[in-house]
Structure formats: C-alpha cells, structure tokens
Amino acid sequence: MRNIAIVVGSLRKDSINKKLAQNIMAIGSDIFRFTLADLADVPMLNQDLEDDLPKPVVDFKKIIAGADGVILVTPEYNRSVPAVMKNAIDWASRPYGQNLWQGKPVAMCGIAPGPVGTATAQAHLRSVLAMLGAALCCQPEVYLQDTQGMFDEQGVITAERVRNFLRRFLEGLDLWIAKFG
Ligand code: FNR
C-alpha cells in the first residue's frame with residue numbers, strides 16, 4: 001500500500017474541507033495508507049527559524065518526505081490559497097536545496113459553499129506546485145460545492161455520485177504514482 005499524506009488548508013473545527021479529507025480517507029482506505037498532517041501548531045514561516053526548526057514543522061516535513069504522494073485539500077480564500085496551506089507548502093520547500101515537493105506526486109481537491117468550488121484556489125496552488133517541481137496529478141479536477149445535504153450528521157458524504165467520483169480521483173492518483181512516482 002502506498003503512503004499518502006493529506007494536507008488540509010483549514011484549521012476550523014467544523015471545516016468542510018476536513019470533512020472532505022475524512023471522506024477521502026474512508027473511501028480510499030483499501031488502496032492507500034493515509035496520514036493526516038496536523039497544521040494547527042505550524043508557525044508562520046520565518047527564515048530565522050530554519051537553523052532550529054520548530055517540532056511541528058519537523059513533524060510536517062517528515063510526513064511529506066515519507067509520503068509516496070500528497071493530497072492537498074484546500075478551501076478558497078479571496079479567490080486564492082489560504083495562508084495555512086501556502087505556509088505549509090513553503091515550509092516543505094525549505095531550506096534552499098531541500099525542497100520536498102521536487103518530483104513528489106501531488107493531487108488536489110476542495111470544497112466551498114459557492115459554485116466556483118475552490119477552482120481559483122486550486123489554479124493558484126497548481127502554479128506554486130509546478131514551480132516547485134511537483135509531479136502534479138491534474139485529472140480529474142475536484143471542485144465540490146457544499147450543497148444542502150452534502151454531508152450527513154456524521155460528516156459522511158451522502159451522494160453515491162460524489163463518492164464514486166472521489167473513488168475515481170483516488171484511483172487516478174494511484175495510477176499516476178505508479179507511472180511517475
Ligand atoms: C472565504 N470563503 C470563500 N469561498 C469561496 O468559494 N471563494 C472565496 O474566495 C472565499 N473567500 C473567503 C475568504 C476568507 C478570508 C474566508 C474566511 C472565507 C468562504 C469559504 O469557502 C468557507 O468559509 C469555507 O467553509 C471555508 O472552508 P472550511 O474552513 O470550511 O474548510
């Protein structure tokens with residue numbers, strides 16, 4: 001089984017992107033071993049900290065380094081990437097010469113209340129990850145809208161159509177890693 005790191009760009013307790021990540025981990029539990037990165041204590045990047053990295057940063061970098069692939073689950077803030085997500089990506093790209101994204105298979109997805117469904121945030125993410133040399137798995141694109149009834153009381157995605165689509169997303173990443181990982 002391949003190791004997949006999941007990075008969620010929201011710290012919010014009731015985050016719909018956290019719920020999406022939980023669903024992805026359940027739907028793909030027979031093909032991937034998932035590790036959910038905890039960004040709650042990762043500080044804002046400050047180059048002064050690079051000589052003696054804070055433990056949450058060390059832990060995060062270990063998860064990315066040990067992963068066969070990464071799934072970024074991103075909200076959209078003001079038509080771009082939330083600072084939490086960008087900060088995590090920046091930490092794993094540093095220090096200079098130790099960019100963990102180089103050649104790393106990366107897929108992304110996201111959910112938002114609005115119909116644009118994080119498309120612009122993901123476009124910006126792709127631009128950043130391309131510059132860092134990630135092996136971007138770009139199909140299928142996953143732009144979900146949090147419509148009424150998307151999640152049940154336990155946070156489980158109810159629609160079979162959406163669950164099947166997320167399964168195809170994970171199978172696509174599996175094939176991608178087999179070819180380019
Ligand atoms: C938002 N939200 C938002 N939604 C969207 O689809 N496009 C956007 O550009 C923005 N901009 C934005 C800016 C800021 C600062 C906040 C706090 C929120 C709404 C956002 O999609 C919504 O709050 C989601 O629920 C955030 O994701 P989580 O935290 O639930 O995973």
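Lys-104 sits in the loop that runs between α3 (83-92) and β4 (105-112); helices (H or I, at least four residues) and strands (E, at least two) are DSSP runs, numbered from the N terminus. This is a predicted model, in which local features need pLDDT of at least 70 and side-chain atom pairs count only at pLDDT 80 or more, while totals for chains, interfaces and linings use all residues. Residues are numbered from 1 along each chain as its sequence is written, and side-chain values use heavy atoms, with hydrogens and water left out.

A salt bridge is a side-chain nitrogen of Lys or Arg within 4 Å of a carboxyl oxygen of Asp or Glu. The Lys-104 side chain does reach the backbone oxygen of Ile-64, at 2.8 Å. Leaving aside neighbours within four places in sequence, Lys-104 is in contact (heavy atoms within 4.5 Å) with residues including Ile-64, Val-70 and Gly-133.

Stepping back to the whole chain, five helices and six strands are found. Along the sequence they follow the pattern β-α-β-α-β-α-β-α-β-β-α. A compact globule of 181 residues would have a radius of gyration near 16 Å, and the chain agrees, with 16 Å; this radius is taken over C-alpha atoms, and the globule rule is 2.2 Å times the number of residues to the power 0.38. Along the principal axes, the C-alpha atoms fill a box of roughly 50 × 35 × 25 Å. Of the 181 residues, 45% are buried. Among contacts with a separation of 6 or more, 78% involve residues 24 or more positions apart.

In α3, the residues Met-85, Asn-87, Ala-88, Ile-89, Trp-91 and Ala-92 are buried. The buried residues of this helix pack against β1 (2-8), α2 (55-65), β3 and α4 (119-131). Thr-74 lies in the loop between β3 (69-73) and α3, and Thr-74 is buried, with a relative accessible area of 0%. Not counting residues up to four places away in sequence, Thr-74 touches several residues, among them Asn-17, Met-85, Cys-109 and Leu-125. Asn-78 is found in the loop between β3 and α3 as well, but Asn-78 is exposed, with a relative accessible area of 79%. Its phi is near 50°, a positive value in a residue other than glycine. Arg-79, also in the loop between β3 and α3, has a positive phi near 60° and is partly exposed at 47%.

The bond from Arg-94 to Pro-95 is cis, with omega near -10°, and Pro-95 is placed in the loop between α3 and β4. A cis peptide bond also joins Gln-139 and Pro-140, with omega about -5°; Pro-140 lies in the loop between β5 (135-136) and β6 (143-145).

Charged pairs complete the picture, with nine salt bridges in the structure. One of them is between Arg-2 and Asp-174, at 2.7 Å from N to O. Arg-2 lies in strand β1 and Asp-174 in helix α5 (residues 160-180), so this pair ties together parts that are 172 residues apart in sequence. Asp-30 forms a salt bridge with Arg-167, where the closest N and O atoms are 2.7 Å apart. Since Asp-30 is in the loop between α1 (16-27) and β2 and Arg-167 is in helix α5, the pair ties together parts that are 137 residues apart in sequence. The side chains of Arg-126 and Glu-141 also meet in a salt bridge, at 4.0 Å from N to O. Arg-126 lies in helix α4 and Glu-141 in the loop between β5 and β6, so this pair ties together parts that are 15 residues apart in sequence. Salt bridges that share partners also join Asp-30, Arg-167 and Glu-171 into one network.

Methods: A polar contact is a pair of N or O atoms within 3.5 Å; within protein, one must be able to donate a hydrogen and the other to accept it, and residues adjacent in sequence count only if both atoms are side-chain atoms. Buried means under 20% relative accessible area, exposed over 50%, partly exposed in between (1.4 Å probe, protein chains only).
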